[in-house]
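This note records points on the structure shown below, for use alongside the coordinates. Please read each point with the model open.

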Amino acid sequence: MSDIETKHLLFCSVLLLPVLAGAATQESVHAPADAAALTLACSGCHGTQTGVSGLPRLDGMEAPVFIQRMIDFKSGKRVSSIMNRIARGYDESELQKMADYLSRQTPVSP
């Protein structure tokens, strides 16, 4: 290999390093979040420690009930101005983690 080819290879390697590092970073950004973190978005409207008037409480909800409701929101079978869009943001494994976590939470009286 000539000096020019070696320099070219080294130059290309240096240019690719940030791209490869970015791919690794993107993978870690999309790593599954823990269940408590996934349910934080829910607590703003549904509450977890305080009752929010008119909306179902999620703490203590049975896992199969939670999952079915979210599937129904995703499919449009259950209609809501916002929940249809929110539910589509979660995959099956995330819904299962959320359901398991919420079902283990002790409901707090409002």
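1. Helix α2 is where H46 is placed (helices, H or I of at least four residues, and strands, E of at least two, are DSSP runs numbered from the N terminus). With a relative accessibility of 13%, H46 counts as buried (buried is under 20% relative accessible area, exposed over 50%, and partly exposed in between, with a 1.4 Å probe and protein chains only). A polar atom of the H46 side chain lies 2.7 Å from the backbone oxygen of P56.

2. On provenance, this is a predicted model, in which local features need pLDDT of at least 70 and side-chain atom pairs count only at pLDDT 80 or more, while totals for chains, interfaces and linings use all residues. Residues are numbered from 1 along each chain as its sequence is written, and side-chain values use heavy atoms, with hydrogens and water left out.

3. The protein chain has 5 helices and 0 strands, in the order α-α-α-α-α along the sequence. Of its 110 residues, 22% are buried. Among contacts (heavy atoms within 4.5 Å) with a separation of 6 or more, 55% are between residues 24 or more positions apart.

4. The largest pocket has a volume of about 390 Å³. Of the 19 residues lining this pocket, H46, L58, M70, F73 and M83 are the closest to its centre. The elements giving two or more residues to the lining are α2 (35-46), α3 (63-75) and α4 (83-87). A pocket is here an open set of points on a 1 Å grid over the protein atoms alone, where a 1.4 Å probe fits, with protein on both sides within 12 Å along at least five of seven lines; lining residues have an atom within 4 Å of a point. The volume is the space filled by probe spheres set on the points.

5. In soluble globular proteins, nonpolar side chains tend to be buried together.

6. Leaving aside neighbours within four places in sequence, L58 contacts C42, H46, F66 and L102. Y90 is in the loop between α4 and α5 and is buried, at 13% relative accessible area. With the same exclusion of neighbours within four places, Y90 is in contact with L38, A41, M70, K74, L95 and M98.

7. D100, in helix α5, is partly exposed because its relative accessible area is 30%. The side chains of D100 and Q96 are joined by a polar contact of 2.9 Å (N or O atoms within 3.5 Å, one able to donate a hydrogen and the other to accept it; residues adjacent in sequence count only if both atoms are side-chain atoms). The C-alpha atoms of D100 and E62, 38 residues apart in sequence, are 8.1 Å apart in space.
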